[in-house]
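Subject: Structure for your files

Hello,

Here is the structure you are taking over. My notes on it follow below.

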Amino acid sequence: MNYATQEKSIVAMSRQQMYENIIGEGEDNVDLVVRRLITSLGFKSKLLGTKYLEDAILYRYANANIMFAGMTNSAYIAVADIWCSTANRVERAIRNSIINCYTHGALKSFNDLAQAPVINAEFAPSNGEFMSSVVNWLQLEKQSGRIK
């Protein structure tokens, strides 16, 4: 499946179909929901930045009650420790993965899922913007009881 057909198939999904694909029946844990979300948005699993992004989102979700100015940088450091890398490499790999998904995937369909204009059509979101929007969406889904 090439990028154009993948994007059309993801964009053609209704909001309800996206929920069913990502969240399931409400029995899933946050790790699985994040993995399904990233996959459904068109992130390439072969890119290391996608794996880093998943871990960074989970780190920020786990530490969502402790918000401070360097939260994104601390996520890079935590992910770098897990993967035996450096924070600069983690940040660059996540940025490349987000830009790749923005240009080739269906990252803009996250707006439909979140029911808010999170992703701008003119330019790709920054790492911190994307991670924050996903963490906020996860918190709303957990409050509504869709995620355990």
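Before the rest, the basis. This is a predicted model, in which local features need pLDDT of at least 70 and side-chain atom pairs count only at pLDDT 80 or more, while totals for chains, interfaces and linings use all residues. Residues are numbered from 1 along each chain as its sequence is written, and side-chain values use heavy atoms, with hydrogens and water left out.

Helix pair. Helix α3 covers residues 30-40 and helix α4 residues 48-62; helices are DSSP runs (H or I, at least four residues), numbered from the N terminus. Their axes are 10 Å apart and the packing angle is about 140 degrees, which makes α3 oblique to α4. Axes here are lines fitted to C-alpha atoms over the stretch in contact, with angles from 0 to 180 degrees between N-to-C directions. Oblique is what remains after roughly parallel (under 35 degrees), roughly antiparallel (over 145) and roughly perpendicular (65 to 115).

Salt bridges. The count is 2, taking a side-chain nitrogen of Lys or Arg within 4 Å of a carboxyl oxygen of Asp or Glu.

- Glu54 and Arg35 meet at 3.0 Å, N to O. This pair links distant parts of the chain, with Glu54 in α4 and Arg35 in α3, 19 residues apart. Glu54 counts as buried at 12% relative accessibility, whereas Arg35, at 42%, is partly exposed (buried is under 20%, exposed over 50%, partly exposed in between; 1.4 Å probe, protein chains only).
- Glu91 and Arg95 meet at 2.8 Å, N to O. Both are in helix α6, 4 residues apart, about one turn of the helix. Glu91 is partly exposed at 23%, and so is Arg95 at 34%.

Surface patch. Leu48, Ile82 and Trp83 make a nonpolar patch of about 290 Å². Patch members have over 30% relative accessible area and no salt bridge, with nonpolar side chains (Val, Leu, Ile, Met, Phe, Trp, Tyr) joined within 5 Å and like charges within 9 Å; areas are by Shrake-Rupley with a 1.4 Å probe, and for residues only the protein chains shown count as cover. Trp83 lies in helix α5, residues 71-83, and is partly exposed at 35% relative accessibility.

Backbone. Cys84 sits in the loop between α5 and α6 (87-104). Its phi is near 55 degrees, a positive value in a residue other than glycine. Most residues other than glycine have a negative phi. Cys84 is exposed, with a relative accessible area of 74%.

Regards

Terms used. Helices (H or I, at least four residues) and strands (E, at least two) are DSSP runs, numbered from the N terminus.
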